[in-house]
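Here's a quick briefing to read alongside the model. Keep the viewer open and click through the residues as they come up.

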Amino acid sequence: MDVESYEAAGRRVGGPRRACPDCAEPLIYWSGYRRFVRGRARVHRIWIRRCRCRPCARSHALIPSFLLMRRFDAAGVIGAALARSVSGVGLRTVAVGLD
């Protein structure tokens, strides 16, 4: 899913049930939170689903593939900026080009 369709799905965002990364037991869906993501055209407000593991009492956020942890920009925007920077374009020029 891209950021626009993910935003449109809202709380109905689904996906396969995951196993706990700590104990490998099945996770159950458990609430979530809103997060802002800057895309190429505008800022999106998306729903991040959380899961909970009953045996080990840990909770985990299910971060979509177009996001990076602790970053406001979508992964595609960050990747485009890195590619331009590596090719020798200055960071200010990259920032202006990506708005």
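Helices (H or I, at least four residues) and strands (E, at least two) are DSSP runs, numbered from the N terminus, and two strands pair if DSSP finds at least two bridges between them. With that in hand, strand 1 and strand 2 form a hairpin with four residues between them. This is a predicted model, so a bit of housekeeping: local features need pLDDT of at least 70, side-chain atom pairs count only at pLDDT 80 or more, and totals for chains, interfaces and linings use all residues. Residues are numbered from 1 along each chain as its sequence is written, and side-chain values use heavy atoms, leaving out hydrogens and water.

- Three strands make an open sheet in the order 1-2-3, and the pairing is antiparallel.
- Strand 1 (28–38) and strand 3 (58–62) sit at the edges with a single partner strand each, so one side of each has no neighbour in the sheet.
- On average, neighbouring strands here are turned by 30° against each other, direction ignored (axes are lines fitted to C-alpha atoms, for helices over the stretch in contact, and angles run from 0 to 180 degrees between N-to-C directions).
- Strands of a sheet pair through backbone hydrogen bonds, either parallel or antiparallel.
- Strand 1 and strand 2 (residues 43–53) run antiparallel and are joined by nine bridges.
- Two bridge pairs to look up: valine 37 has histidine 44 of strand 2 as its partner, and phenylalanine 36 has arginine 45 of strand 2.

**The nonpolar core**

- A nonpolar core is a set of buried Ala, Val, Leu, Ile, Met, Phe, Trp, Tyr and Cys residues joined through side-chain atoms within 4.5 Å; buried means under 20% relative accessible area, exposed over 50%, and partly exposed in between (1.4 Å probe, protein chains only).
- The largest such core has ten residues: Val3, Tyr6, Ala9, Val13, Val37, Ile46, Ile48, Phe66, Leu67 and Ala74.
- Helix 1 (3–9) and strand 2 each put in at least two residues of this core, and helix 1 gives the largest share, three residues.
- Contact means heavy atoms within 4.5 Å; on that basis valine 3 is in contact with Val37, His44, Ile46 and Phe66, leaving aside neighbours within four places in sequence.

**Cysteines**

- How many disulfides does a search of the whole structure find? The count is zero, where a disulfide is a pair of cysteine sulfur atoms within 2.5 Å.
- Cysteine 23 is in no disulfide, and its nearest cysteine sulfur, on cysteine 53, is 3.4 Å away.
- Cysteine 23 counts as partly exposed because its relative accessibility is 30%, while cysteine 53 counts as buried at 0%.

**Arginine 49 and histidine 60**

- Arginine 49 is in strand 2 and counts as buried, with 18% relative accessibility.
- Not counting residues up to four places away in sequence, arginine 49 touches Arg11, Val13, Tyr29, Ser31, Gly32, His60, Ala61 and Leu62.
- From arginine 49 to isoleucine 63 is 7.7 Å, C-alpha to C-alpha, with the two 14 residues apart in sequence.
- Histidine 60 belongs to strand 3 and is also buried, at 14% relative accessibility.
- Leaving out neighbours within four places in sequence, histidine 60 has contacts with Cys20, Pro21, Asp22, Leu27, Arg49, Arg50 and Cys51.

**Positive phi values**

- Most residues other than glycine have a negative phi, and most peptide bonds are trans.
- Alanine 57 has a positive phi near 60°; look for alanine 57 in the loop between strand 2 and strand 3, where it is partly exposed at 48% relative accessibility.
- Arginine 70 also has a positive phi near 60°, lies in the loop between strand 3 and helix 2, and is exposed at 72% relative accessibility.

**Helices 2 and 3**

- The expected span of a helix is 1.5 Å times one less than its number of residues, so the twelve residues of helix 2 (residues 75–86) should span 16 Å, and the end C-alpha atoms agree at 16 Å apart.
- Threonine 93 lies in helix 3 (residues 91–98) and is exposed, with a relative accessible area of 51%.
- The C-alpha atoms of threonine 93 and arginine 34 are separated by 32 Å, and the two are 59 residues apart along the chain.
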